Amino acid sequence: MSCTSSLIDIADPLILDTSVLINLHACKYGERILASIPNDVVVSEIVAGELEHETSRQNGEHRFLFDLVTRGIVTLATMTDAEYEIFHELTSTSPSLDDGEAATIAIAAARFFLPVIDERRGRSRASALLKTRNPGWSLDILRHPTAIAVLGDQPVIEAMYLALRDGRMRIPLERVEGVIALIGWSVHSIALASLDPVDYRR
């Protein structure tokens, strides 16, 4: 039933996938949470580009990232030629990834950053490429002990609920009970709906 963060002892820079930014925007406390954690936070320019479409501009996701960059909380990263080679491999071989996931993983692999990715396929390919390290989850950022210390228990629990409800944040199967224990049984169906569909069928 544990719902602790796997990032507790991780000092490496974190590189966030698009869905993680969407979750952090949806939770309403995303800027404060990212500002509180000790890790450097990086986003690839390709992920930033994925938030430039009309929907993300209208719902505030694009502005959210723009403000994070302007305030120095997030740094944008441009891929090198070597990283583009990894990117091409990830987008052109089965199971292929979308551009944002591939860019996140390529930069993480080349620069020894820790990718934060929620989607099953991206996590699987990141784990295979990084070998000795598993990517983080959005949930790990929301449950980071420094975020809890700075914001307090209740705001972080509210952030988790909003990320689940409005961001459709995915959570690992083994941590569902811990999430439910924190946010209450009234949102049990939200937590289950946020599981990876393949995991949920097991």
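1. A residue counts as exposed when its relative accessible area is over 50%. Phenylalanine 112 has a value of 63%, so it is exposed. This residue sits in the loop between α7 and β4. The model is a predicted one, and the points below should be read as such.

2. Backbone of phenylalanine 112. Phi is positive here, at about 60°, although the residue is not a glycine. The position is just after α7. Most residues other than glycine have a negative phi.

3. Lysine 28. Lysine 28 belongs to the loop between α1 (18-26) and α2 (30-36). Its relative accessible area is 60%, so lysine 28 is exposed.

4. Cis peptide. Serine 94 and proline 95 are joined by a cis peptide bond, with omega at about -5°. Most peptide bonds are trans. Proline 95 lies in the loop between α6 (81-92) and α7.

5. Helix α7, geometry. What span should the 13 residues of α7 have? At 1.5 Å a residue, helix α7 (residues 99-111) should span 18 Å. The end C-alpha atoms are 18 Å apart, so model and expectation agree.

6. Helix α7, start and burial. At the start of the helix, a side-chain oxygen of aspartate 98 comes to within 3.1 Å of the backbone nitrogen of glycine 100. Which residues of α7 are buried? They are Gly100, Glu101, Ala102, Ala103, Thr104, Ile105, Ala106, Ile107 and Ala108.

7. Sheet order. The open sheet has 4 strands, ordered β3-β2-β1-β4, with parallel pairing. β3 (75-77) and β4 (114-116) are the edge strands, and each pairs on one side only. From one strand to the next, the twist averages 35°.

8. Pairing of β2 with β3. Strand β2 (residues 41-44) pairs with β3 in the parallel sense over 3 bridges. Serine 44 has alanine 77 as its bridge partner in β3. For valine 43, the partner in β3 is leucine 76.

9. Pairing of β2 with β1. Strand β1 (residues 14-16) runs parallel to β2, and 2 bridges join them. Isoleucine 15 stands opposite valine 42 of β2.

10. Faces of β2. Buried or exposed: how do the side chains of Val41, Val42, Val43 and Ser44 fall? All are buried. Val41 and Val43 point one way from the strand, while Val42 and Ser44 point the other way.

11. Confidence. The protein chain averages a pLDDT of 90, and 90% of the residues score at least 70. Residues 197-202 have a pLDDT below 50. In the model, this stretch has 7 contacts beyond near neighbours in sequence.

Notes:
Residues numbered from 1 in each chain as written. Predicted model: local features only at pLDDT ≥ 70, side-chain atom pairs only at ≥ 80, totals over all residues. Heavy atoms only, no water. Expected span 1.5 Å × (residues − 1). Buried < 20%, exposed > 50% of the residue type's maximum accessible area, 1.4 Å probe, protein only. Polar contact = N/O pair within 3.5 Å; in protein donor to acceptor, adjacent residues only side chain to side chain. Pairing = 2+ DSSP bridges. Axes fitted to C-alpha atoms, helices over the stretch in contact; angles between N-to-C directions. pLDDT = per-residue confidence, 0-100. Contact = heavy atoms within 4.5 Å.
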